[in-house]
Amino acid sequence: MKIDVIGDVHGCYEELEDLFKKLGYQKEENSYVHPAGRIPVFLGDITDRGPQSIDAIRLVHEMVMEKGIAKYVPGNHCNKLYRYFLGNNVKIQHGLETTVAEYEALSAKEQRIIQAQFMRLYEHAALYLQLPEVGAIVAHAGIKESLIGRNDKKVKTFVLYGDITGETHEDGRPVRRDWAQHYEGNDWVVYGHTPVKEPRIVNKTINIDTGCVFGNALTAFQLPEEQTISVPSKQPLVEEKFSTFS
C-alpha cells in the first residue's frame, strides 16, 4: 500500500489538479488514478474560502464513494457544511459563505445532488484513519496518543479542532496547545488544520496544511516514502493566517 495524504484543499480545485498531475496521477473520466495504484487520502476541509468548493465535493465524492480509489476524513469545515445541509442554524461565515454562494448558484436539481453527495461522503467517513500498512494515522487536526483507538465526543472535538483550551485569541481563533511536542508514538500522525508555510515535522507528526487557500501551497505527504510534494497556490497571499509555533 502506498498513499498520498493531501492537505486542506479549501476549494482550491485547480491546485488540487496540479498536485495530482505532479504526483503522477492521470485523469480518467471524473477521477484521478495513479498507474501504480497509489491511494490519495483527503485530510478534510475540502471546501470553504477557495473558488471551487463544489468541484472539490464532486471529485472527492466520485473518488471515495463511487470508485473507492481514495480515502477521506472530515475536517471542521466539513462538519459545519454538513450541519448546514442538515438545516441546522449555523453561522454562514469563516469561509462557509463562499461554498453557500456556489451552492445557491446551482439549479435546484444540482443542489439536491451536491447536498446528497456531500452528506453521504461525510456520513460514511471515519473520524480518523489508522493505516497500519504504512504506519500512519490520518486525522484532520491531529490526535494525541491517549485518544488513538477511541471514537467518543472528546476524540471528535480533538480531530476536528485540535487541542483547544476553550480560550480565544484577539482575532477570534481558538487557542490551541502544541500537542505534537508530546507525541511519542511510532506511527506517523499526518494532519493539517493549522496553516504553516512549510510542512512541520515534530517527533513523528507532520502538519501538511501549507495554506493553499491563503496563497502559499498545496502539499501531499507520501508514505512509505516519507516525502512531501507541493504545488504553488494561485490565491493571493494572506500572511497573517500562518501559524508560527515555536
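**Entry 1: salt bridges overall**

I began with the charged side chains and found Asp4, Arg38 and Glu225 linked in a network of salt bridges, a salt bridge being a side-chain nitrogen of Lys or Arg within 4 Å of a carboxyl oxygen of Asp or Glu. The model is predicted, so I note that local features need pLDDT of at least 70 and side-chain atom pairs count only at pLDDT 80 or more, while totals for chains, interfaces and linings use all residues. Residues are numbered from 1 along each chain as its sequence is written, and side-chain values use heavy atoms, with hydrogens and water left out.

**Entry 2: Lys27 and Glu17**

I looked up the salt bridge between Lys27 and Glu17, whose closest N and O atoms are 3.0 Å apart. The pair ties together parts that are 10 residues apart in sequence, because Lys27 lies in strand S2 (residues 26-28) and Glu17 in helix H1 (residues 13-22); both elements are DSSP runs numbered from the N terminus, with helices (H or I) having at least four residues and strands (E) at least two. For accessibility I use buried for under 20% relative accessible area, exposed for over 50% and partly exposed in between, with a 1.4 Å probe and protein chains only. Lys27 is partly exposed at 47% relative accessibility, whereas Glu17, at 15%, counts as buried.

**Entry 3: helix H2**

I then turned to helix H2, which runs over residues 53-66, has 14 residues and reaches 19 Å from its first C-alpha to its last, close to the 20 Å expected at 1.5 Å a residue, where the expected span is 1.5 Å times one less than the number of residues. I find H2 mostly covered, with 11 of its 14 residues buried, including Ile54, Ile57, His61 and Glu62. After H2 comes Gly68, whose phi is positive, near 65°.

Arg58 is partly exposed at 33% relative accessibility, and Asp55 is partly exposed at 26%.

I also checked Glu66, which forms a salt bridge with Arg120, the closest N and O atoms being 3.0 Å apart. This pair links distant parts of the chain, with Arg120 in helix H5 (residues 108-123) and Glu66 in helix H2, 54 residues apart. Arg120 counts as partly exposed at 31% relative accessibility, and Glu66 counts as partly exposed at 47%.
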